[in-house]
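These are my notebook entries on a single chain, taken in the order in which I looked things up.

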Amino acid sequence: MIKNIVLDMGNVLLSYDPHVILNKVCETEEEKQLILANLFESEIWLMGDRGEITNEQRYDLAKEHLPEELHGKLKECVEHWDICMLPIEGAKEFCHSCRKAGYQIYVLSNACDNFFEYFPKYYDMDFFDGVLVSSTVRLLKPDARIYELLCSRYGLQPQECVFIDDLPENVKGAEAVGMKGIVFTGDYADVKKKLHEIM
């Protein structure tokens, strides 16, 4: 019996698209690609999500790989990338419908320390029965240990959980520890249909 809905944050509850800030601060496609490769798609980004460095420290490491004339634009990207974080259409309504149906609702996100700055702008943290962020526990999805930690911390049985994430590999990670999984493709009507089938 399913009792718990576990949601990813990025591109499930809030949109995540680094091109929003890149398009705002960069003048050429080359600049965008350089910052994208050396920040958002680099090991430095993952270090932040693993809690090994703060979001601010990403700048100090990434600037070593970029020409000095891009340091100002890099700094803007590090400090303001979260302007892209806006609620996904239908997400809040879905959460409230799950609550009304009697499910407990949790968030499990790969995110750096400033999660706690932007997320509460759009969602009441107290609405959720639990929130687990990778940077606070030094683990990243799809590592089995982060799903197991979520369950142990909040007293959940994996077989009673449905995990929803936009990345198939993260859903597979949840399924590997016994959860049911749904890959989010941008349509909450589809999620509701799949959830009904699981039930």
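Entry 1: helices on the sheet. I looked up helix H11 (residues 188-198) and found that it lies across E1, E4 and E5. Its direction runs at about 160 degrees to E5. I note here that the model is a predicted one.

Entry 2: the sheet. I traced five strands, which form an open sheet in the order E3-E2-E1-E4-E5 with parallel pairing. Strand E3 (130-133) and strand E5 (180-183) stand at the edges; each has a single partner strand, so one side of each is left without a neighbour in the sheet. From one strand to the next, the twist averages 20 degrees. I also recorded helix H10 (residues 168-176), which packs on the sheet and touches E4 and E5. The direction of H10 makes about 170 degrees with that of E5.

Entry 3: strand pairings. I went through the bridges in turn. Strand E4 (residues 161-165) is joined to E5 by four bridges, and the two run parallel. Asp 165 has Val 183 in E5 as its bridge partner. E1 is joined to E4 by four bridges, again in parallel, and Val 6 stands opposite Phe 163 in E4. Four bridges also join E1 to strand E2 (residues 104-109), with the two running parallel. There, Ile 5 has Ile 105 of E2 as its bridge partner.

Entry 4: faces of E1. Which residues of E1 are buried on each side? I found Asn 4 and Val 6 buried on one side, and Ile 5 and Leu 7 buried on the other, so that both faces of E1 are covered. In a regular strand the side chains alternate between the two faces of the sheet.

Entry 5: helix H2. I checked the length of H2 (residues 29-40) first. Twelve residues at 1.5 Å a residue should span 16 Å, and the end C-alpha atoms are 15 Å apart, which agrees. I then listed the buried residues of H2: Glu 31, Lys 32, Ile 35, Leu 36, Asn 38, Leu 39 and Phe 40. These buried residues pack against helix H1 (19-25), helix H3 (43-49), helix H4 (55-62) and helix H5 (71-80).

Entry 6: Ser 135. I located Ser 135 in helix H8. Its relative accessibility is 11%; because the cut-off for buried is under 20%, Ser 135 counts as buried. A polar atom of the Ser 135 side chain lies 2.9 Å from the backbone oxygen of Ala 111. Leaving aside residues up to four places away in sequence, Ser 135 touches Gly 48, Asp 49, Arg 50, Gly 51, Ala 111, Cys 112 and Asp 113.

Entry 7: backbone geometry in the loops. I looked for positive phi values outside glycine. Arg 138 has a phi of about 60 degrees and is placed in the loop between H8 and H9. Arg 138 is exposed, at a relative accessible area of 53%. Asn 11 has a phi near 65 degrees and is placed in the loop between strand E1 (4-7) and H1. Asn 11 is partly exposed, at 26%. Last, I noted a cis peptide bond between Lys 141 and Pro 142, with omega about 10 degrees. Pro 142 is placed in the loop between helix H8 (134-137) and helix H9 (144-154).

Note on methods
Residues numbered from 1 in each chain as written. Predicted model: local features only at pLDDT ≥ 70, side-chain atom pairs only at ≥ 80, totals over all residues. Heavy atoms only, no water. Expected span 1.5 Å × (residues − 1). Buried < 20%, exposed > 50% of the residue type's maximum accessible area, 1.4 Å probe, protein only. Contact = heavy atoms within 4.5 Å. Pairing = 2+ DSSP bridges. Axes fitted to C-alpha atoms, helices over the stretch in contact; angles between N-to-C directions. Polar contact = N/O pair within 3.5 Å; in protein donor to acceptor, adjacent residues only side chain to side chain.
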